[in-house]
Structure formats: structure tokens, C-alpha cells
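Hello,

Here is the structure we talked about handing over. Please look through it first; my notes follow below.

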2 protein chains.
Amino acid sequence: MQVIVQKNKLVESVQDVMKAVSSRTTIPILTGIKIVATEEGISLTGSDSDISIESFIPAEENGTIHAEIIEPGSIVLQARFFSDIVRKLPQDKVEMKVENHFLTIIRSGSAEFNLHGLDAEEYPRLPEIEEQNVFKIPSDLLKTLIRQTVFAVSVSETRPILTGVNWRLENGELTCIATDSHRLALRKAKVETNISEAHNVVIPGKSLNELNKILDENDDLVEIVITENQVLFKTKNILFFSRLLDGNYPDTSRLIPLESKTDIILDAKEFLQAIDRASLLAREGRNNVVKLTTLPNGKVEILSNSPEIGKVVEEIHAKNVQGEDLKISFSAKYMIDALKAVEGSEIRISFTGAMRPFLIRVPEDETVLQLILPVRTY
Amino acid sequence: MQVIVQKNKLVESVQDVMKAVSSRTTIPILTGIKIVATEEGISLTGSDSDISIESFIPAEENGTIHAEIIEPGSIVLQARFFSDIVRKLPQDKVEMKVENHFLTIIRSGSAEFNLHGLDAEEYPRLPEIEEQNVFKIPSDLLKTLIRQTVFAVSVSETRPILTGVNWRLENGELTCIATDSHRLALRKAKVETNISEAHNVVIPGKSLNELNKILDENDDLVEIVITENQVLFKTKNILFFSRLLDGNYPDTSRLIPLESKTDIILDAKEFLQAIDRASLLAREGRNNVVKLTTLPNGKVEILSNSPEIGKVVEEIHAKNVQGEDLKISFSAKYMIDALKAVEGSEIRISFTGAMRPFLIRVPEDETVLQLILPVRTY
């Protein structure tokens, strides 16, 4: 293999595939990045066997030359060193040449690195995916879907299926659901698809977090292919593979109350800041609990009490309070997460009693919903 | 105590004194911030008994009202909570009022915090310092003095005196020296002083690092008062006390070679980047060693070799090479630290043989000097 490649393109691709490379792996070759040069360009691959990322640098794109392929070939180089080296090379152009025994010369300006590489034939193959079940989502919408749900996955391995986000595709609508059994996040979106059959899969939260970091904030369509045990996200130059979680995702539809007894509309930012302040003392307690009480004057009181430190109380103006009076306690952290996720300037909270799950939504927006289970304190 | 104070002033002062507050302390009250309100204004104090910082908010400054003192008094509040609370208060004005049993009300807008305080009488007194031996340095120069020396202090407690920076004041000149016995940093500066006698003290590196964070990058004069076991730095509204280290600092003057056998002048940035690249592989070895060799063509070769990973070699153009040919090995980290400290666009390195300490200086600048001991590899 011998190539000359633009440094900035190489740095970008290495950064992308590094998101899949783990230093803690039982398969030593996966601490490396696989580099394959063909006449079309250079592809880089990183994998931790759960996530695999392939980033492609086309030799030529829209008339711009990114890489010159002098001799096609392949090599695996230690990811950690290779990524540091590439970033710190002195010139805009980088020459890479594989010599005998996988010794690889990396040259830029007057700097010359010799790295011991590994045989690319030893690198595990990426899953082969038949592109039958394809649907498409704009990149920025996909990022929003992830951001609005993935934070609610379980961090505990006691029910592994809850560490993933449930994706259901039916009648051209995608529904994403995450829950750790104390709160739930749901987001729906229309998608472009030729798939007639319904799909119901669970994608590891970690995979979605890494995917979110790689995706650009633009409306280019991302192609998504679902198979029995893998999902593939395709952008112009990136293939992102993730394994799916085994098992059945619980039916969460029963959890979501259909009626409400108390409805409050609040300014989202003002409410978030009040909860954040209350949480300063609440987080000292075991469970970061704050109390919300509706007041007769149309206001809402937020209170938190930590006997050893002190207490904080704040009255905030509600835009509207309807229904029964209410006193309820909940986790400040869950509320903060939910408020950050819904992304509205106003929010509606619908309660059905102090012991029942309640909903946080944006008025007039049916696509996003956050649910929190209250904490028993009275 | 009852005061109304501008939030931004309070936030700034709390941030300053927090730099002295440690959560790991054997004296529980030192996890708090002492607040004292007098007619002149409000003073805040934080301390870990090694460092004490007092920040003063004048009631009025240049016609601007920063604080209204309704009732003078004092209190100690838990530093961690108080600093978080103050930052997150909703309005520009903050009211603080101490009630019975040191219960303290903090009010801003509709938010009200009740914090359990402690008796300020229990808080340790700051050292009383007689202002006899005073000298003055502009704030930005003081920051430079610190930055150019403090990184070279020892991080090991085997010789505690080397964890500090030696400050010598004689004939209106201050000399700051730090060494960990493998490298040495020295910086001289003229100071404004009325002191006739010589001073020779050792200031803990940690204290100087914290002081550097508090000082502004301007040319306001900082007053420095040295006593037998304390040093005090005074700016307009801050008093920064540090204890001094006990013991005699070693005489380092013998270490510094007076002659040189090989003199090289290099572009500082180019050389730094080459060393940085060589260090990518060198740091995998035990001691992060790179080799420098003078070449017949007026160039300098930088090489590092890590048998398991690979090697890197780079030739850089020297602006001037004089004297004997040389092959020498040294720590890449020490060289990088030294190059960052000298702050010149060109640097001169003076060697007196492969086994002798060598000097890094800026040509035509006698105030700053870095010394590194080579590593034996041949």
C-alpha cells in the first residue's frame, strides 16, 4: 500500500472511527484501525465488536483530489498512536507506505514515523447487510430523536434490554422509547420508507450516543437498514454498524396515563432554573427529591429540604393551572433531564394524583413526551 | 448581619476565596467561607490553613454601590453549597440575613434559601503581618514569573523543600528558582522595593499556582510582604496569604554551566513541535526520552525509538550551530515544559557534552534560563 492523502481529511476520518475503538478489548487487533486503499479511495475502520464504524475518503470528490493512490493495499495500525501522530503531522499532505513485515512509513514534511502494523486480513469482517429494509431520516432530525430519548435508558445491567432505546417502525412512523423504569422518554417522527412490514428493535444507548457525535447538524438524509441483529446507519462517507439488543422490550403503552386531574403550563426556562436551584440542596439527600405544590394564587411552589444543610423554597408563576390542587414529590434530576429534552419555550405538565406517573409535554406538540414516576414522601 | 449585594460581585469574590477552600480538611469549619459585613463592605475568607484568601467587596467603589450594609455582622457558610447557590440565583441583587442560631436567609427574586451557618468567631484568624518588608511587582509580570518557574518544582515529597519555588530578593532584584533535581527553571526580575536586607524564602508551588489563577493580566502593582513563615500578596481587593516552606533551599548556582561546547539556535515553535511529535512514541517507554544529534549539514536530527511501536525521526533546520558535534538524549517532557516557559520565538541551547546539564535560553535575554539534565543512553 502506498498513498498520499490530505491531512485534514485523514484527521477527520480517524476521529470518526476512533469513536468505535476501545482500549479495553479482548480482541487485540481491535485496538487498531484498519486502513484499506483502493483505486476509489481510502477506507478506515474502527470497531469494538458492538459498534463498527467505516469512514471513506474518496480519492476525488467534486473535482477536489483528497488522496492519491499509488499502490492499493491494506494495513492495521495502533489506533492510539496513529490518531495522535496524524493530528500532529507538520504538513497538509501525508504519505503512507507499507513495507516488508507490515512496517508502515508515515511521512509529512521532514517528519518520518515508522510504525509496526498488523495484517489487515486478521481484522474481523464487518457484518454483511442486505439493503432491503431501508428507511431515511434527515441527519439533524435523527440527532434530535437520539437526544430526546437516549438519556432515559437504564444504566444498570439488571435488565439489559432497558439499556437500549426501543425503535418501532410502523406505517411510515418511527417511535423511539427509552425507560429506566423510573422515567420514560418517547419521541415520534415520520420517516421516508419503502418498508411495509413493521419493525421493533432495541438499539444500545451507547451506540446511539456515539452515532450522535458523528452525525452532522444538517438535513442530509441518513439511510437506516435494520436486520435481525444489526442496524446500519449510512451517511455520504460513513457506515455506522451497531448490534441490536436481544430480547423483548416491555410494553410501555399501559404506563402512559390517558387522562389528567391537574394540568399546569409553565415557562420552561424559568421552571428549569427553579428546579436546578432546588436541586442544589436536594442532591445532598439520598434521592435528589423536590416537592411541587400548587398554590391558590395560581402560582406553583418548589421546595426542597435537606435537614443538615438547609432548605430552599421558590414560588413561580404558572401560565395556567387547571384541575385539582396537588402536592407531589419527584427527582430533580429526572425533571431537569426531561425539561432539557422537550425543547419547548412552554411546557405542560399533566398529573393524575400524587402517586401516579405524570407527563411533561410541549403544548400542541404530540411528537415528544416525557414521563416521570413520583417519589412517595407524604 | 443583613446585607444586599450585587450578585456578580459576590460570585467573583466567592470564586476567588474558593481557591483556598479544600473539602479534605481536618478542621471542619474550614469547609466554610467566612463572611464579615462592616460599614465599609463585605469580606469573604477561605482557607485550607496553608493558603488563606480574603476578598473584599467595598460597599461603594468609584461611585458605584456594590453592597448595602443594613446590619453589620458575620457568619460562616458551607463553601460548596454557598458557591453553587450564589452562581444560580435568579436576580442581580442578593439579600443575606443571619437570624437566630446562625440560620442564614439568602434571597434573590422569588428564590429563598435557608442555610445552617456556623459562628464566625470559631473561624481561625488570618496571620497578622507587619508590613515592613514590602516590595511591588506588576500583576502580569508576577504571573509570568510564576508560570516560568513553578512547573519545575518537585512533585515528590521526598525532599519537601523542592516542592516550593525559591525566591531571593537582593539589591532590588528578585530571583525565582525551581528544581526537581532533574531540571531547573530560573527567572530574574527587577522589583520596586524599600527593603535593604536580603531575603531568601521558599513558597509552596501549589500556593503560586492558585495565586496565578486569581491575579489579573494587567500592570496593577501587587504588594508582597515577606515574614519569617508567611508571605502575603496584596491586590486592590484581595489578600492572599501562604505559609513558607521550612528549611534551606539547595545552592543551585554550581549546577549552571558557565561555558558551552556546542551552541544551537533554533526556531522555538518548529523545535517544540518536532519534540512533541517525537514524544508521541517516546512516552510509551519508561522515561519519554528523545535523542538530538547535530548533522554535518547544519541540521539537527530528533529521533525517538520505542521498539514495540516504531520510531520517529525528523531533521530540523538550525538557525546556527557552533562548536563540537553532539549526540544527546533527554526527557521530551522536560524539553517541552522548558520551551513553553521561555516564551521566545528563537531559542539558544548551550551544551557542554552529552553527560552535562544544558541550558535553554532566549538569545539576548538574561532574565530567563531553563536547565535540563540529559539521560544516559549511549
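**What was found**

Pro363(B) is buried, at a relative accessible area of 19% (buried means under 20%, exposed over 50%, partly exposed in between; 1.4 Å probe, protein chains only). Pro363(B) sits in the loop between strand E28 (358-361) and strand E29 (368-372) of chain B (helices, H or I, of at least four residues and strands, E, of at least two are DSSP runs, numbered from the N terminus). From Pro363(B) to Glu346(B) is 17 residues in sequence and 7.1 Å in space, C-alpha to C-alpha.

Some ground rules. This is a predicted model, where local features need pLDDT of at least 70 and side-chain atom pairs count only at pLDDT 80 or more, while totals for chains, interfaces and linings use all residues. Residues are numbered from 1 along each chain as its sequence is written, chains are lettered from A and ligands numbered from 1 in the order in which they are written, and side-chain values use heavy atoms, with hydrogens and water left out.

**Salt bridges**

The search of the whole structure gives 36 salt bridges over all chains (a side-chain nitrogen of Lys or Arg within 4 Å of a carboxyl oxygen of Asp or Glu). One of them pairs Glu343(A) with Arg147(A), closest N and O atoms 3.4 Å apart. This pair links distant parts of the chain, 196 residues apart: Glu343(A) is in the loop between helix H6 (332-342) and strand E27 (346-351), and Arg147(A) is in helix H3 (residues 139-149). Glu343(A) is partly exposed at 46%. Arg147(A) is partly exposed too, at 35%.

In chain B, Glu112(B) bridges to Arg107(B) at 3.2 Å between the closest N and O atoms. Glu112(B) is partly exposed at 23%, and Arg107(B) is partly exposed at 33%.

Glu173(B) bridges to Lys190(B), with the closest N and O atoms 3.9 Å apart. Glu173(B) lies in strand E14 (residues 173-179) and Lys190(B) in strand E15 (residues 183-190), so the pair ties together parts that are 17 residues apart in sequence. Glu173(B) is partly exposed at 25%; Lys190(B) is exposed at 63%.

Shared partners also join Asp180(A), Arg183(A), Lys333(A) and Asp337(A) into one salt-bridge network.

**Cysteines**

How many disulfides does the structure hold? Zero, over all chains (a disulfide is a pair of cysteine sulfur atoms within 2.5 Å). Cys176(A) is buried at 0% relative accessibility. Cys176(B) is buried at 1%.

Best wishes
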